Amino acid sequence: MNDALLSVSGLTKRYGGMTALNNLSFELHTGRIIGLLGPNGSGKTTLIKIICGLLQPTEGTVTVKGNPIGVESKKVISYLPDSTYLGKSMKVSEIIAYFRDFYADFDEMRAYDMLEKLGISANDRLKTMSKGTKEKVQLILVMSRRAGLYILDEPIAGVDPAARDYILSTIISNYDENASILIATHLISDVENMLDDVIFLQQGNIIRFSSVDEIRGVDGKSVDGLFREVFRC
Amino acid sequence: MLSKLLKHEFTATWRVPVALDALLIVLGIMAHFVIKSIPLVEDSVGVYVILFSLIAIYYIGIIAANIIVQIFLVMRYYRNLYTSEGYLTFTLPVRTSHIINAKVINGYIWILLSGICTVASLFIAAIGLVDAADIPVYELREFATEIGTLFGINDPGFIVTLLLTVLISSLSAILGLYFSVTVGQLWQKHKILGAVLCYVGIYIINQIGAQISFLSSGYFRMLTGSGTDFDAAFSGLYGRILTSTTIFSLVMVVIYYTGCILITKKKINLD
């Protein structure tokens, strides 16, 4: 029996004549932090959306703990999109109640604790918050789940360096070692130190899937250095 | 999970429909007192112009309130499923059919409530008109009985049919809007335009359906005479129109609902 946390097989996504993902196959296992790296338009978000059930693949299959994308896979995945997905008129406390109702693995106390540390009032409405604060609230919600697979799409894009530090430390400190994290980003130097594996994606193709140790040991380069070399314009 | 979805759906939507329903009742009460305060003099054209202008404004007000409720519900459906909010909605560990069912049940309840408030508002306003015209109650009863006999609406079967028509047509109305938005999402670009075009298409189909219902009720056969008793034929006419309209609406409800579920399950593409 396959013990993969995430299994992707022959995955292709086409938009009309344009191929966004081309016959991807790979597996992710538990206890790893994986960087999904590639320039803009390489297919990172498309891949993530298919795994999360937000896009239908043209061909291929995706399973999460052996289950096809559906109710069971969604119980396992905690997804942070690259844009705000919460209702603007909602209060933070209402959003927390929403997560508590739908996710059995949601740790409400953890969420309130993180909010308190950041000085965010649970009575504030999202529409009154800055972009950075909204992203922090969203990250707090996502990381307050005891999920099997965290999928974070550009979690540090568009926020200041101080907020980036907070976001990354939140990810690390709330990460359960039996879970895995898939982080899509092009800000590699910021996340490099936390990664175990990397997937390089270019024009919908996986051009490299290896451990960070291998890149450093065999290639003798940092992930950032290799990325710049591979994706040089 | 459906009950949880419904709970959050109601919590997120109740304010606008309740405010508009309250407005409908307030408009009815205002119309009641305004109409009542106008002295109806038989030879005063000016008074009647004012009266009909007020009735027209009131009528536009109640239509607008009902349309705003529908727009609000359809916007909520679109925003919650097909904008960035859909990233949360469709990653909840719930069945897609439950997501759609929660939206439909919630929308249906608000549409029905608006309908009830509209009828109540019209009733309140009509009492004002009856008072102003100083029509005796027994004359009204006689008039109602005559109208009832003429249109065949004194029959209990007619009342049941009318109730079914209202219930199914209301469901068809909200599902038709949701279906249009869902079909619009199949467009790779210009999704809102796609939804609007779909709604126009639905509207045309509904109009054709209404015409067929009308024709199949025997309306023209009745007009041409064909040797039958005119009164008897006329008395059953509305019942037959309602029955065929209800059947047509029911068919559309099945199409809309199945379409919403299948498209959302099989073709979801949140770009």
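The model is predicted.

Between the chains, 21 residues of chain A are in contact with 19 residues of chain B. On the side of chain A that touches chain B, at least two residues each come from α1 (44-52), α2 (71-76) and α3 (92-102) of chain A. That side of chain A comprises 11 nonpolar, six polar and four charged residues.

Helix α3(A) also contains buried positions, namely A:Val92, A:Ile95, A:Ile96, A:Tyr98 and A:Phe99. Viewed down the axis of α3(A), these buried residues fall within an arc of 155 degrees and therefore line one face of the helix. An α-helix has 3.6 residues a turn, so residues three or four places apart point the same way. The packing partners of the buried residues of α3(A) are α4 (108-118) and α5 (131-143) of chain A, together with α1 (2-13) of chain B.

Chain A also holds an open sheet of four strands, with the order β2-β1-β4-β5 and antiparallel pairing. Its edge strands, β2 (18-28) and β5 (67-68) of chain A, each pair on one side only. A:Thr63 has A:Pro68 of β5(A) as its bridge partner.

Chain B is split into domain 1 (1-135) and domain 2 (136-271). The C-alpha centres of these two domains of chain B are 19 Å apart. Across the boundary, 21 residues of domain 1 of chain B are in contact with 20 residues of domain 2 of chain B. The side of domain 1 that touches domain 2 receives two or more residues from each of α3 (45-82), α4 (86-89) and α5 (96-133) of chain B. Of these elements, α5(B) gives the most to that side of domain 1, with 11 residues. By residue class, the side of domain 1 of chain B that touches domain 2 of chain B consists of 14 nonpolar, six polar and one charged.

Conventions: Residues numbered from 1 in each chain as written. Chains lettered and ligands numbered in written order. Predicted model: local features only at pLDDT ≥ 70, side-chain atom pairs only at ≥ 80, totals over all residues. Contact = placed C-beta atoms within 7 Å. Nonpolar A, V, L, I, M, F, W, Y, C, P; charged D, E, K, R; others polar. Buried ≥ 20, exposed ≤ 12 C-beta atoms within 10 Å, placed from the backbone. Arc of directions from axis to C-beta. Pairing = 2+ DSSP bridges. Domains from an automatic or database assignment.
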